[in-house]
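Subject: Structure for your files

Hello,

Here is the structure you asked for, with the sequence alongside. My notes on it follow below.

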Amino acid sequence: MAVTGTGLVLNLVSLSVSASWDAKPIRKITNPNTIPNPSLKNPKATTIKKKELISTSDLLKLNHTNPTKTKVGKVDESHLGCERWLPDAPEIKNPRSIYNAASLAYLGDCIYELYARRHFFFPPLSVEEYNDRVMAVVRCEAQDALLKKLLADDFLSVEERDILRWGKNINTGKTKTTRRAGAAVYNRASSLETLVGHLYLTDAKRLEEIMLRMGFSTGISTQPILEENENKTK
């Protein structure tokens, strides 16, 4: 059967493309924990190590002394009887008369994470490691565990427990976090954030005591929390 010139060219192009495509073998990844590194001229499989699980309390104990062995001296200024390192809070005598629990939890979430970031700032780490450690203690499951520790130690006053009950009733709705951790865990974590936000506005010194009890570094010193606790018991 005769083949036109145009048809012959199209068939040749089709064969050429098919041959070029089929000539490149497809690499199969037999080990799901290894992936090729495209940045290398000769790609080699790089193993992705699974991170070990660690409890929140043990994670907070990873904070070590500043390698320079120096301590920041005390400053003269203070805010609500507390050494000034937190941003100044507006003077509000009764936050509950102005703000709802969700608003104070919104503020408390920020203050809580600031404590977490400050705690892990020494020794110097990579940004990825900073984020890993901070995210591990700001997630609602970790906050719930730390709150249970405070309650078990009977460390909170009657008024503070009342604020927790108030903050626990925040209407959260269905989110990825509530589906992952459960509504009860999420609500308890929100109640802790509500308490943190309330104390930030009314009693920064008491806030420091509670954060210290949970295991966070406090004040303006770079001294780790474990050494502070040892000095207090002597």
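Leaving out residues up to four places away in sequence, which residues does Thr194 touch? In this predicted model, the residues that Thr194 touches are Ala101, Leu104, Ala105, Ile163, Trp166, Gly167 and Ile170. Thr194 sits in helix α8 and has a relative accessible area of 0%. Because the cut-off for buried is under 20% relative accessible area, Thr194 counts as buried. Its C-alpha atom is 7.8 Å from that of Leu107, a residue 87 places away along the chain.

Overall make-up

The protein has 234 residues, and 35% of them are buried. It contains 10 helices and 4 strands. Read from the N terminus, the order of the elements is α-β-β-α-β-β-α-α-α-α-α-α-α-α. Of the contacts with a separation of 6 or more, 69% are between residues 24 or more positions apart. The exposed surface comes to about 15,700 Å², and 57% of it is supplied by carbon and sulfur atoms.

Helix α8

Helix α8 covers residues 183–202. From first C-alpha to last, α8 reaches 28 Å over its 20 residues, which is close to the 28 Å expected at 1.5 Å a residue. The helix is mostly covered, with 15 of the 20 residues buried.

Val196 is another residue of α8. Val196 counts as buried because its relative accessibility is 1%, and the cut-off is under 20%. Setting aside neighbours within four places in sequence, Val196 is in contact with Gly108, Ile111, Tyr112, Leu207 and Met211. Val196 and Glu208 are 12 residues apart in sequence, and their C-alpha atoms are 9.7 Å apart.

Where α8 meets α9

Helix α9 spans residues 204–214. The axes of α8 and α9 are 7 Å apart, and the two helices pack at an angle of about 140°. On the α8 side the contact involves Leu192, Leu195, Val196, Leu199, Tyr200 and Thr202. On the α9 side it involves Ala204, Arg206, Leu207, Ile210, Met211 and Met214. Sorted by class, the residues in this contact are 10 nonpolar, 1 polar and 1 charged.

Asp203 lies in the loop between α8 and α9. Asp203 has a relative accessibility of 32% and so counts as partly exposed. Lys93 is 110 residues from Asp203 in sequence, and the C-alpha to C-alpha distance between them is 9.8 Å.

Where α5 meets α9

Helix α9 also packs with helix α5, residues 140–152. The angle between α5 and α9 is about 105°, and their axes are 10 Å apart. Since 65 to 115 degrees is the range for roughly perpendicular, α5 is roughly perpendicular to α9. Leu146, Lys149 and Leu150 of α5 make the contact with Ile210, Arg213 and Met214 of α9. By class, that contact has 4 nonpolar residues, no polar ones and 2 charged ones.

Most residues other than glycine have a negative phi, and most peptide bonds are trans. Two places in this model are worth a look with that in mind.

Pro123 is in the loop between α3 (101–119) and α4 (127–138).

The other is Asp154, where phi is near 55°, a positive value in a residue other than glycine. Asp154 is in the loop between α5 and α6 (158–168). Its relative accessibility is 57%, so Asp154 counts as exposed, the cut-off for that being over 50%.

Regards

Definitions and conventions. Residues are numbered from 1 along each chain as its sequence is written. This is a predicted model: local features need pLDDT of at least 70, side-chain atom pairs count only at pLDDT 80 or more; totals for chains, interfaces and linings use all residues. Side-chain values use heavy atoms; hydrogens and water are left out. Buried means under 20% relative accessible area, exposed over 50%, partly exposed in between (1.4 Å probe, protein chains only). Contact means heavy atoms within 4.5 Å. Accessible areas come from the Shrake-Rupley method with a 1.4 Å probe; for residues, only the protein chains shown count as cover. Axes are lines fitted to C-alpha atoms, for helices over the stretch in contact, and angles run from 0 to 180 degrees between N-to-C directions. Ala, Val, Leu, Ile, Met, Phe, Trp, Tyr, Cys and Pro count as nonpolar, Asp, Glu, Lys and Arg as charged, and the others, Gly among them, as polar. The expected span of a helix is 1.5 Å times one less than its number of residues. Angles under 35 degrees count as roughly parallel, over 145 as roughly antiparallel, 65 to 115 as roughly perpendicular and the rest as oblique.
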